[in-house]
Amino acid sequence: MDKKNAYLVGLIAAAAAGLIAGLLLAPKKGAELRKDIKEKADEFSEQLKRVVKKGKEKAQEAEDEFQHAIG
């Protein structure tokens, strides 16, 4: 894993940990807290899917450029 990927994974993990800690420390009832966690997890999942898709597109572009450069 190169430095950029490691940084991205670390950033995502830190954001998720902060989000979960914030939700768990908030003074809410159990059902309300579970609902909030599910909503935030769904939002995070969608954001992660977009990041992964964009990363795959960039990787494909880089591969195409490399293949074109080497002939």
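Me: What share of the 71 residues in the protein chain is buried, and what makes a residue count as buried?

Reply: Buried residues make up 6% of the 71 residues. The word means a relative accessible area under 20%; exposed means over 50%, and partly exposed is in between (1.4 Å probe, protein chains only). This is a predicted model, in which local features need pLDDT of at least 70, side-chain atom pairs count only at pLDDT 80 or more, and totals for chains, interfaces and linings use all residues. Numbering runs from 1 along each chain as its sequence is written, and side-chain values use heavy atoms, with hydrogens and water left out.

Me: What radius of gyration does the protein chain have, and what would a compact globule of 71 residues have?

Reply: The protein chain has 18 Å, whereas the globule would have a value near 11 Å. The radius is taken over C-alpha atoms, and the globule rule is 2.2 Å times the number of residues to the power 0.38. Along the principal axes, the C-alpha atoms fill a box of roughly 60 × 20 × 10 Å.

Me: How many helices and strands does the protein chain have?

Reply: There are two helices and zero strands. These are DSSP runs numbered from the N terminus, where a helix (H or I) needs at least four residues and a strand (E) at least two. Helix H1 spans 3-25, and helix H2 covers residues 30-70.

Me: Why is the contact between Lys38 and Asp42 called a salt bridge?

Reply: The term requires a side-chain nitrogen of Lys or Arg within 4 Å of a carboxyl oxygen of Asp or Glu. The closest N and O atoms of Lys38 and Asp42 are 2.9 Å apart, so the pair meets the definition. Both residues lie in helix H2, four residues apart, about one turn of the helix. Side chains of opposite charge can pair when their charged atoms come close.

Me: Is Lys38 buried or exposed, and what about Asp42?

Reply: Lys38 has 52% relative accessibility and therefore counts as exposed. Asp42 has a relative accessible area of 40%, so Asp42 is partly exposed.

Me: How many salt bridges does the whole structure have?

Reply: The search finds four, among them Glu43 with Lys40 at 3.9 Å, N to O. Glu43 and Lys40 are three residues apart in helix H2, about one helical turn. Glu46 forms another salt bridge with Lys49, with N and O atoms 3.6 Å apart at the closest.

Me: What makes the nonpolar surface patch, and where do its residues come from?

Reply: Tyr7, Leu8, Leu11, Leu48, Val51 and Val52 form a patch of about 520 Å², with at least two residues from each of H1 and H2. A patch takes residues with over 30% relative accessible area and no salt bridge, joining nonpolar side chains (Val, Leu, Ile, Met, Phe, Trp, Tyr) within 5 Å and like charges within 9 Å. Tyr7, in helix H1, has 59% relative accessibility, so Tyr7 passes the area cut-off.

Me: Which residues form the negative surface patch?

Reply: The patch consists of Glu57, Glu61, Glu63, Asp64 and Glu65. Asp and Glu count as negative, and Lys and Arg as positive; His and the chain ends are not counted. A charge is placed at NZ of Lys, CZ of Arg, CG of Asp or CD of Glu.

Note on methods: Accessible areas come from the Shrake-Rupley method with a 1.4 Å probe; for residues, only the protein chains shown count as cover.
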